[in-house]
Amino acid sequence: MAYERILTRYQEIPGYTGTMDAYLAHGGYQALAKALQGMQPAEVTEAVKRSGLRGRGGAGFPCGVKWGFIPKNAGKPVYLVCNGDESEPGTFKDRMLIEDEPHQVLEGIILACYAIGCRRAFFYVRGEFGRGAERAQRAIDDAYARGYLGRNILGSDFDLDVVLHRGAGAYICGEETGLLESLEGKRGQPRPKPPFPAVAGLYRCPTVVNNVETLSNLPHIILRGAEWYAAIGPAKSTGPRLFSVSGHVNRPGNYELPMSITLRELIFEQAGGIRGNRRLKAVIPGGSSSPVLTEQHLDVTMDFESLAAAGSMGGSGAVIVMDDRTCMVHVGEIVSRFYHHESCGQCTQCREGTAWLHKVLHRIEHGKGRQEDLDLLLDLCDNMKGKTICVLSDAAAMPIESYLKHFREEFEQHVRERACPFGGAEAF
Ligand SMILES: Cc1cc2nc3c(=O)[nH]c(=O)nc-3n(C[C@H](O)[C@H](O)[C@H](O)COP(=O)(O)O)c2cc1C
Ligand code: SF4
């Protein structure tokens with residue numbers, strides 16, 4: 001597929017370093033100048049709405065619409081938080097954007113703040129991203145030194161401070177209200193909603209939380225126009241998307257593509273096909289929270305609507321590919337262990353449900369399962385969905401249901417043979 005890279009265009013520039021000079025030399029901060037010198041904040045929001053940009057953090061919510069929920073003249077400060085927590089298993093694209101092109105993220109943050117009337121923004125970077133945090137901080141320092149942050153940015157009356165905050169390595173701090181609690185110095189436990197962050201977010205003030213990749217799109221939308229952006233990809237899933245492809249492929253990595261790409265093209269053309277020419281068994285298309293797809297779904301396009309129609313979701317854009325040697329019970333055991341470990345424990349359905357999912361999957365995988373365990377798993381999943389403060393509980397249940405839906409015979413074989421038919425092989 002012929003495609004002009006946008007978010008990762010710097011990868012095609014030999015010797016590109018991601019410094020401020022490099023960014024400026026290749027069109028950096030021109031969008032900010034255009035917005036500050038010729039656009040009202042509401043026009044920036046309108047352009048983002050027209051572009052069709054949808055959030056890349058997981059839910060795919062329209063970005064400009066979210067900004068529109070910020071109340072006008074609330075009499076309180078408005079905050080923007082850039083979510084760089086990136087902890088959905090399989091996802092590694094925000095880290096690349098933060099490390100390799102931090103000024104693109106920062107220009108996106110500044111544009112978003114201008115649009116929503118924010119004067120103090122927070123860049124929340126996952127605790128483990130040592131190099132990312134260093135580069136982001138250097139980008140912030142350089143932007144202050146050159147007048148892109150601070151008072152009267154580029155001679156306008158717009159002021160903005162950006163504060164970098166490092167997380168402490170908890171998946172739940174990626175959930176926007178868990179993140180806000182963490183930023184306030186408390187335990188990262190999600191808040192009941194409503195009120196949503198747009199009304200009562202950071203310090204109970206109106207707040208927008210946007211993902212790193214979402215914000216990285218903004219300079220391009222403003223500079224090249226909403227209509228140019230909206231013409232990329234399917235009508236309801238516009239613009240470029242970064243797919244983090246991992247697992248049993250020949251060329252794992254981040255691939256920037258329009259969402260009109262099919263799963264088949266992504267795996268077999270971009271990522272070089274299945275390692276060792278083995279057969280494809282299963283694909284997790286949007287991070288570990290998303291229901292699994294199989295060979296029959298290879299012609300699905302990777303947009304939000306088509307993935308939902310196929311019974312899964314676009315999620316974080318992390319595509320985990322598994323070949324025919326993979327044991328799906330073992331995958332379930334690993335995935336459920338992760339959610340059990342990361343549950344914040346506030347809700348009984350999630351705290352107990354994730355523990356039981358892991359316990360039952362562990363015993364099936366290790367030859368101690370019972371036939372009734374299969375329906376017990378489905379019953380557990382049913383009780384975990386739609387009932388909790390945040391959707392981590394749903395995210396733990398949905399993949400397990402899908403493994404049982406597509407691979408029930410494999411679960412039964414484990415119970416019948418009282419052992420893993422794959423010999424307990426490594427799942428990933
Ligand atoms: C358990 C859980 C973990 C999440 N982790 C992340 C994350 O690591 N990064 C992220 O951007 N969004 C994450 N999200 C989604 C955020 O809550 C939020 O929707 C997102 O940051 C909004 O940005 P967007 O509209 O630009 O996508 C997570 C959601 C849940 C429920
Ligand atoms: S669903 Fe789980 S992670 Fe989310 S608030 Fe409840 S216990 Fe915490």
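For sorting residues here, Ala, Val, Leu, Ile, Met, Phe, Trp, Tyr, Cys and Pro count as nonpolar, Asp, Glu, Lys and Arg as charged, and the others, Gly among them, as polar. You're looking at a predicted model, where local features need pLDDT of at least 70, side-chain atom pairs count only at pLDDT 80 or more, and totals for chains, interfaces and linings use all residues. Residues are numbered from 1 along each chain as its sequence is written, while chains are lettered from A and ligands numbered from 1 in the order in which they are written.

**Exercise 1.** Work out which residues surround ligand 2 and how they divide by class.

Step 1: A residue is near a molecule if its C-beta atom, placed from the backbone, lies within 6 Å of it. That gives 14 residues around ligand 2, with Cys344, Cys347, Cys350, Thr388 and Cys390 the closest.

Step 2: Helices (H or I, at least four residues) and strands (E, at least two) are DSSP runs, numbered from the N terminus. Helices H15 (348-365) and H17 each give two or more residues to this shell.

Step 3: Sort the shell and you get 8 nonpolar, 5 polar and 1 charged.

**Exercise 2.** Find out where ligand 1 lies relative to the domains.

Step 1: Start with the domain assignment, whose bounds come from an automatic or database source: domain 1 (9-230), domain 2 (240-323) and domain 3 (328-417).

Step 2: Look at the 24 residues around ligand 1, where Gly55, Gly57, Gly174, Asn211 and Thr214 come nearest. Strand E4 (207-211) and helix H17 (392-417) are the elements giving two or more residues, and E4 has the largest share with 3.

Step 3: Domain 1 and domain 3 both give residues to this shell, so ligand 1 lies between them.

Step 4: By class, the shell holds 9 nonpolar, 9 polar and 6 charged residues.
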